[in-house]
Amino acid sequence: MPPKSPQTRSGKSTPTRGKPKEDEKLVDEEEEKLRVEQEEKERREKEAKMKLEEKRISALRAIRDQQESETEQELRIVHATVEKVINDRRANAEWKRFMKCDGRPDPTSVKEINTFIALSKDKGKKDINVVLDDAKLILSLISELKFILKDADSDEETETTANHKQTILSLQDLLITQYNEATLKLLKEASYEADSETGNLQKVIKDANETLMLWGNLNKNPRFKAFEFESEKFQFELPKVLAMADIAVRVLKTRFDHYSHQCSTCLPQKKKTEVAAAEEQTGKEPITEKEEVPKVDAGENKEVDDTKSTTTDGRKSAMSAVSNKEEKEGGEENAEDKPDRDEHAATPEIKVESEHVELEEILDPDVVDLRQFTPLGGVYHLDLLQMPPQPKVVRGWTLTQIINKPLTNVTYPVDILAGKTPSRAASAAPEGREEGSSPSKTSHEQPPIGITMSLPDDVMFFEEPQVAMWDHTDKHWKNTTVPDSTTYDEEKRVISFKTNEFGVFCLMQDTHLNMPFQSWELRPKGTDAVVLTVTAAIAEAEIEIKGTKCRLNPPEEDSPKELSHIFDKWMSVDELIQGMRAAGVNLFPASDSRKFVSIQEKTVDVDQVYDQMAILSTAFAFQWSKWNSDIIKSRIAIQAAPFYVADDSSRASVPDDDWSTYLIGDDRTYKLALTEFDNDFSDEIASGSFYHYDLMHAMRLSPVRDDPDGKILASLNQRSRSANRFYVDTVQTLLRASKIISFS
């Protein structure tokens, strides 16, 4: 039999070749369908999540807007209430002054002030007691004008403010004139009050604002060397050439300073635009695009940079620019030796990196920068005066030579060494030389004047004070006339120095000696009362606020006598700040103190944080956090805790377990999970906490320990909401002035 064909071997038909392709197609279609369904499902889930997230963000935004509105409203009420009372007080003060009709001139009226000054000068020679009474009136007028200028807009110089400043200068000149006339009257009668032992005039007149020490050389003892006003612990040594001269020495110590406000460094430098900076330094018209910008020498830039060098203890000191000045002068001499040098190479260039720069005045090495140093203890006027003719008794008659000349200052050493009277010496002075200036020839040959004085009893000096003398020409405090021969006895609080000139001098101390702060704490102390404790670099201060008044509390042990006049004295916050600064305990940085103190400047609105801390201060305690200096500039870290005790006499501390660290930013504030005892920083939010808009809501909405029903938190919130608004404003002012967050 023939074999079967392959197609009929099994009796079944074999599948065709197109079948697997159809199956694969079906599988692909099924997979594509599942994939599309899966993508659609994921899309719907994503849209649902996005909608939920949008709802959540919208709800958070609504909460944020609500919290922001609540905070602004609460702060606005405080500011509006205080501002209304201040405005009413100013209006009432003007009305009371108008209704007094006591002959007191209106310091804001130029006409009345000019009349007052003219009448005061026409009264002639006055007795010292009358002058002291008039001085109180003049000082009160100056204080009133300063108060008006303080409230005025400092950024805008108007005709009114200019008139007020000129009136202050005129009143200050009148005051010095009154002192001179009273001094001349005392010197004319010196022989009547001469000391029986020495035969010289030695008189001390002391009042609340000034102390006049007067010594007249009537005996002319050639062996005279020094004299001490024992009651004031002030001693001066005169060279031998003055022992036989017809002179008098006046030491006028004033508690007020009428010179520092005339310095260019008294106020912070203002920021100016690039064009204004170019106009000021070149004195030309604004530079156009076609004009070539002059170049600046690298040495000059280095000189400016050196003034900001950082020293130990986190403080910056202005370095002496003597070496840089010598290099600069040497460079100028080299430029003169090379006349072929390109003109453009010798032209200084002004480079401005940013649109707004802060121009700093480049001071001479001998000028004391008042942005870094503060005059303390008042001002000392050391004057060498011409002794007027004394009355003589002849055959029972008293003969007095009448002279109509004012009080005459003797220029030392010109008048004395030349053997001329002041009038002859002035006429013999070279043309163009100012009266009172010493020639360079004799300035190195003149014997110095020795001064030994006790430091003021009401000023804390934490280091050796710096002696500076006033330059009437440059309107600056300088230290060139005081050689490097100063000796300081810290235990006896006595300083001795020698000076080449008579003049006006003062004692200065580093303004930022106690900065940056080591730590701080703001702790409630009953109803509308709080205690701010600041541990500075050297000192520690405890300031208590109660209502609208505040005081500096003395330490429990070793209370310094220098601060006894402000310890436990209730006063306004402005008076306390002024009193502590005048006493040498400066814990209140200026707007430009960052140039002299190494701190991390924060971009967060710190003033807003201070305002919220003030509102919460009756119910919550705050203190320094070590993490604040480690985190970025856009965040602030502080510790906070609820304060349960509300007893006015309580000095209770906050338990360590109650303190929590809060992270504050522009967009959110929340409680951190870490503590002050952790080694590494973490911005993880604490368990059970939520994000809030600001510190005020974070504190009021964060649960406290051992308070499951929230009653304690509710009572704390009620206490903070019921705080007196004037108390809140007082705490705000103190916190903003101390800048404890930025400078710790």
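This is a predicted model: local features need pLDDT of at least 70, side-chain atom pairs count only at pLDDT 80 or more; totals for chains, interfaces and linings use all residues.
Numbering runs from 1 along each chain as its sequence is written, and side-chain values use heavy atoms, with hydrogens and water left out.

**The whole chain**

The chain holds 17 helices and 24 strands; these are DSSP runs numbered from the N terminus, with helices being H or I of at least four residues and strands E of at least two. Of its 744 residues, 39% are buried, where buried means under 20% relative accessible area, exposed over 50% and partly exposed in between (1.4 Å probe, protein chains only). Take the contacts (heavy atoms within 4.5 Å) with a separation of 6 or more: 69% of them join residues 24 or more positions apart.

**Two helix pairs**

Here are the two pairs side by side. Axes are lines fitted to C-alpha atoms over the stretch in contact, and angles run from 0 to 180 degrees between N-to-C directions.

| Pair | Angle | Axis separation |
|---|---|---|
| H14 (606-616) and H17 (725-738) | about 140° | 8 Å |
| H2 (110-122) and H4 (159-188) | roughly 10° | within 11 Å |

H14 and H17 are therefore oblique to each other, whereas H2 is roughly parallel to H4. The cut-offs: under 35 degrees is roughly parallel, over 145 roughly antiparallel, 65 to 115 roughly perpendicular, and the rest oblique.

(Ala, Val, Leu, Ile, Met, Phe, Trp, Tyr, Cys and Pro count as nonpolar, Asp, Glu, Lys and Arg as charged, and the others, Gly among them, as polar.) Nine of the eleven residues of H14 are buried, so the helix is largely enclosed by the rest of the structure. Asp611 and Gln612 are among those buried residues.

In the second pair, Ile113, Phe116 and Ile117 are among the H2 residues that meet H4, whose side includes Leu171 and Leu174. The H2 contact with H4 splits into six nonpolar, five polar and one charged.

**A tucked-in arginine**

Arg493 sits in the loop between strands S14 (487-489) and S15 (494-499). Is Arg493 buried or exposed? At 15% relative accessibility, Arg493 counts as buried. Leaving out residues up to four places away in sequence, Arg493 touches Asp457, Glu562 and Phe461, among others. Phe461 is 32 residues away along the chain, with 8.9 Å between the two C-alpha atoms.
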